[in-house]
Each structure stands twice: as C-alpha cells, then as structure tokens.
Amino acid sequence: MTLAGQFLVLQLVIVALVVLTVGVLSFAQTGEQLQRVENRRALSAAENLAGNPTVRTLVPTALPGGSAPLAAVGETVRTVSGSDVVVLLRPDRTVLESARPDEVGQVLRDDRPDVPTSRSWVGPVAGGSAVAAEVPVLDDDGALVGVARVERELPAVTERLALAGPSLLVYVGLATTIGVIGSTMLARRVKRQTLGLEPTEIAGLVEHREALLHGIREGVVALDTAGRVTLLNDAGRRLLALPPDAVGRPLAELTADAELREALTEDATRDRLVVVGSRLLVLNRMPVRSHGAVIGSVTTMRDRTELKALERALDTSRRTTGTLRAQTHEFSNQLHTISGLLQLEEYEEAVRFVEGVSRHRDSLYTQITARISDPPIAALLIAKDSLAAERGARLVLAEDSAVARVDEELSRDLVSVVGNLVDNALDAVAGAAEKLVEVALTEDEEAVTVRVHDSGPGIDDAAAERLFRSGYTTKGSDQVGGRGFGLALVRLVCRRRGGDVSVHNDDGAVFVARLRKKEVAA
C-alpha cells in the first residue's frame, strides 16, 4: 500500500473510532436524560396520588384489595400520568392496591437506598429497566399513614436508538465526510511533499546518500543559516579535526580558528587554501537555496598537503636553478672582466681582480660555513647571496648565528622556511634606498629559530593579521594563484613541527619562525 493510502486508512480508522466514541457517549447521555425525565414524571404522579383527599382519608382504614375508591383513584392517576404501575402501601410496605393484582396483600421489596419512609424518593428499581417514585401519605395531623408508589418503564435500547438515530446518523455522516475529505487532502499533501516517493524509496535514498557521503575521500560539511553543522562526512570530520558529535552544534563551538570559520561562513569561496593544523586544505563553498531563499551552505574540501610539499620541493629546485643562473651570470661578468684586462695586457690588474674575487668568495664561504654546519642550509645562504648581489642587495648573516648539523627532515623544512623568507625580504627591499637583508639562525635544545630582517617599508598592521592566510599577498602578480602561498606554507611547516611564525616592524619587517626539533627516542 502506498504512503498516501496508509495515511488515508489510518485517518479513516481514527475517524471511525472518534465517531464510535461520540455515538456511545451520545447514547449514554440520551439514556441519562430519559431517566431524569421519567424520574420527574413518576415523582409528580406519586405526589398527586399521595395528596389526593380520598387517598389520605381511606388509606388508614383500608384493607388489601377491599377499597374500590382507592383502586379507582390509583387507576385514574396511572392513566392520566401515563405510568405503568401505581401502588398504595401501608407504612410497613403491605400492598393495599396495585395495578399488578398478584401484589395485593404482599409486602413489597424496598428499593430505597437508606432513605426513610417519611421522605420522598425517586430512583431506579431492581434490574434498571424502570424508575420508581415513592411519596409518603400523611393524614390531617401529619402522621404517616401510607406510601404512594408510581413506576414507569424506561424505553428499551431499540427505542432509544430510534429516538437518537436520526441525529446520530447526521453527526456520524458529517464527521465521516469531514474525516474522509481531510484524510484525502492530508494524503495528497504528504505525497506532494515526499515528491511521490514511498517510504521504502525514501529510506533507500537516505541510505544511498549516507553511503555516498561517507565513501568519498573529499570532505563535505554543510551549515545552516545560524552556523550550525547540519551534515558532515567522515573525511570532513578528519580533515577539520572535529569531534564525532559535531552535527547539530554551532561552528563557533567546534573550532577557534577564525580563518577556518570565515572560509566556511563567508558568501562564496572557490579554491581557497586554508591551513588547518598540519594540513593544507582547498575549500569550495556554495550557498544552498530553496525556493529562492538561502537555507545554508555546503563546503567541499580536499587535502593538498602532499601536493604542496611536492610544489615546495619543485619551487626549491626552481629557486636553486635561478640562483645558479645568477651565479653563472656573475661568473660570466667576472670572466669578461678578466678577459678584457688580459687583452689590455693589464696583467697585474687582472691578478689583483682575481685575488679580490677569491678573497670575497673565501670570506663568504668561511663566514657561512663557520656558523652554519648543516650543508643544505649553508649552500642555500651562499646561493641567496649571489641572488641578492644580482638584485643590487646585500645579504648578511648575523654574528650570533649558530646551527649545528640537523636531521634530514628538519634540514628540508629549514631550507623551505629560510628560502621563502629571504625571497620575500629581497622583494621587500627592491625599492628601498639601502637594500639590506639580515638572516639569523640560532638553536637551543628544543628548536631552531630563523629571524629575517629587511630594510624595506615594513608591514602594515592591518595586513599583518592576514599576511599568513593562504592566497593573501601585498604584491601584484599576473599569474593566477602564483602568489600569496609562500608565508602560508612557512606557517604550515612551522606548525607541523610544533612551532609558529610571527612578524613585527623594526626599521623594516622582522619575521621570526620557530621549528621544533625531532624528539629523540629514549
């Protein structure tokens, strides 16, 4: 049976039960009303009989069945009142006259519930098929001389149904009609709201949706207009590091990351990179509309941490290639100078030039390698010195720098952090009068600290708050997505190693990055 049909049958059953209940209550109320009417009629007839002067005069001396006037008065009262039985009794309940001859002279059963004979009474007789009223007969002195009893049969069940039938049928018909119409309309409305789908089909769709959501690798999170999580698959919960009971809770309660909350709640987000813990996620957010109104949003996310690591390695190779190109260009200029001096037969000047270049190189190599024992970092600084020279800038290694040889993983991370910070610093000093970049690398038992100070214009306070967000840049670029990720990657690397990166101004921008060393197994 269809869902609409089930609703229709259920509503019809409810209507039938309601109509049956109303009918029973109506029938019971009709019976009670009939009994009250018959009670009043019986009591009125008994009072007329007890107050009749003939009855009051003859009852004290009458013998059972021996008074024709009493019988005539009783029959008259019975006929006029429409009662079934009229009985005159002595105070001891001996029957003097009765419409039932076999009762004359007998002691009548007392139906009174602890009511004195001297008081009037009306109520049901034994069996409940009739009502009786008894009124005391008093003489002129007020003494009790007898009892007048009148009985009236109650209508049978069939008679009651005949009396209540027309009205009851009208009510039943009206209720049934309204119930059928209402049930039909409800069934049609439910069918429209469920798009004509049956319960099994709806359950199948829900199961299919759940399997689909939790089976894909991409994370999916949906929010309502109040910022509460309404849907979250396993991949989304893992990527965002949310608790298992996140569905139904406000996003502000689940994460304190302001950048993540902004990315999940702003109007639209397309391919936005966000750092969450040690992961780099790509977020795409779209609003969800129903009947033209926005009812929430859905955001998909992909983990690009490994891809960005490959891009970082490629970028390192690209920077190394650029540095080698700069060195080649510098060596080419030096060779051209030496060649020209030789052609001019300025042999002594050529020797002095070669010795000067050699002393500069030896001094630079000695200065860096004496303070930086890790070969990849030292090689990077030497290469960056050539790049700085090509750009007309000067790269200086701080005197307090000192880093011992570190493990391979930390060395790669330090190369990435130092390379990005130095590149940003060289870009910052491009328009400065004095183009100076100072690099300091120090270490303690727990971490290595990188400090890069440039002589550029510094960082605007408002920009400093957004500087480490993915995709944000203060530089112009024609390449889509080509800028705005270097500092975000620096922060990602630092946080992944349990550290962080910060920036402040001190006659230029000062970036300080801290990377924790690997823990040594005991």
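This is a short tour of the structure above, stop by stop.

**Before you start**

The model is predicted: local features need pLDDT of at least 70, side-chain atom pairs count only at pLDDT 80 or more, and totals for chains, interfaces and linings use all residues. Residues are numbered from 1 along each chain as its sequence is written, and side-chain values use heavy atoms, with hydrogens and water left out.

**Stop 1: the whole chain**

Show the protein chain as a cartoon. Its secondary structure comes to 14 helices and 15 strands. Both are DSSP runs, numbered from the N terminus: helices are H or I with at least four residues, strands are E with at least two.

Now show the surface. The chain exposes about 29000 Å². Carbon and sulfur atoms supply 56% of that area. Accessible areas come from the Shrake-Rupley method with a 1.4 Å probe, and for residues only the protein chains shown count as cover.

Of the 522 residues in the chain, 38% are buried. Buried means under 20% relative accessible area, exposed means over 50%, and partly exposed lies in between (1.4 Å probe, protein chains only).

Contacts come next; a contact means heavy atoms within 4.5 Å. Take the contacts between residues at least 6 apart in sequence: 54% of them join residues at least 24 apart.

**Stop 2: a patch on the surface**

Select L10, I14, V18 and V22. They form a nonpolar patch on the surface, with about 330 Å² of accessible area together. Patches are made of residues with over 30% relative accessible area and no salt bridge; like charges are joined within 9 Å, nonpolar side chains (Val, Leu, Ile, Met, Phe, Trp, Tyr) within 5 Å. Zoom in on V22. V22 sits in helix α1, residues 3–50. Its relative accessible area is 43%, so V22 is partly exposed.

**Stop 3: helix α3**

Select residues 68–81. This is helix α3, with 14 residues. From first C-alpha to last, α3 reaches 20 Å, close to the 20 Å expected at 1.5 Å a residue. The expected span is 1.5 Å times one less than the number of residues.

Which residues of α3 are buried? Colour L70, V73, G74 and V77: these are buried. Seen down the axis of α3, the buried residues fall within an arc of 95 degrees, so they line one face of the helix. The arc is that of the directions from the helix axis to the C-beta atoms. On the other side of α3, A68 and T79 are exposed.

Stay on α3 and show the side chains of E75 and R78. They form a salt bridge, with the closest N and O atoms 2.4 Å apart. A salt bridge is a side-chain nitrogen of Lys or Arg within 4 Å of a carboxyl oxygen of Asp or Glu. E75 and R78 are three residues apart, about one turn of the helix. An α-helix has 3.6 residues a turn, so residues three or four places apart point the same way. E75 is partly exposed at 35% relative accessibility, and R78 is partly exposed at 23%.

Step off the end of α3 to G82. The phi of G82 is positive, near 75 degrees.

**Stop 4: a salt-bridge network**

The whole structure holds 24 salt bridges. Select E151 and R149. Their salt bridge has its closest N and O atoms 2.8 Å apart. Are these residues buried or exposed? E151 counts as buried at 9% relative accessibility, and R149 counts as buried at 2%. Salt bridges that share partners join R93, R100, E103, D110, E134, R149 and E151 into one network.

Move to E103 and R100. Their side chains meet in a salt bridge of 2.6 Å, N to O. E103 is buried, with a relative accessible area of 14%, whereas R100 is partly exposed, with 26%.

**Stop 5**

Select T230 in strand β7, residues 229–232. T230 counts as partly exposed at 44% relative accessibility. Not counting residues up to four places away in sequence, T230 touches A222, L223, D224 and V247.

Go on to L254 in helix α7, residues 251–254. L254 is buried, with a relative accessible area of 13%. Leaving aside neighbours within four places in sequence, L254 is in contact with V229, L242, P243, A246 and R249. L254 and L242 are 6.6 Å apart, C-alpha to C-alpha, and 12 residues apart in sequence.

**Stop 6: helix α14**

Finish with residues 486–496, helix α14. Eight of its 11 residues are buried, so α14 is largely enclosed by the rest of the structure. Among them are L487, V490 and C494. α14 is followed by G498, whose phi is positive, near 85 degrees.
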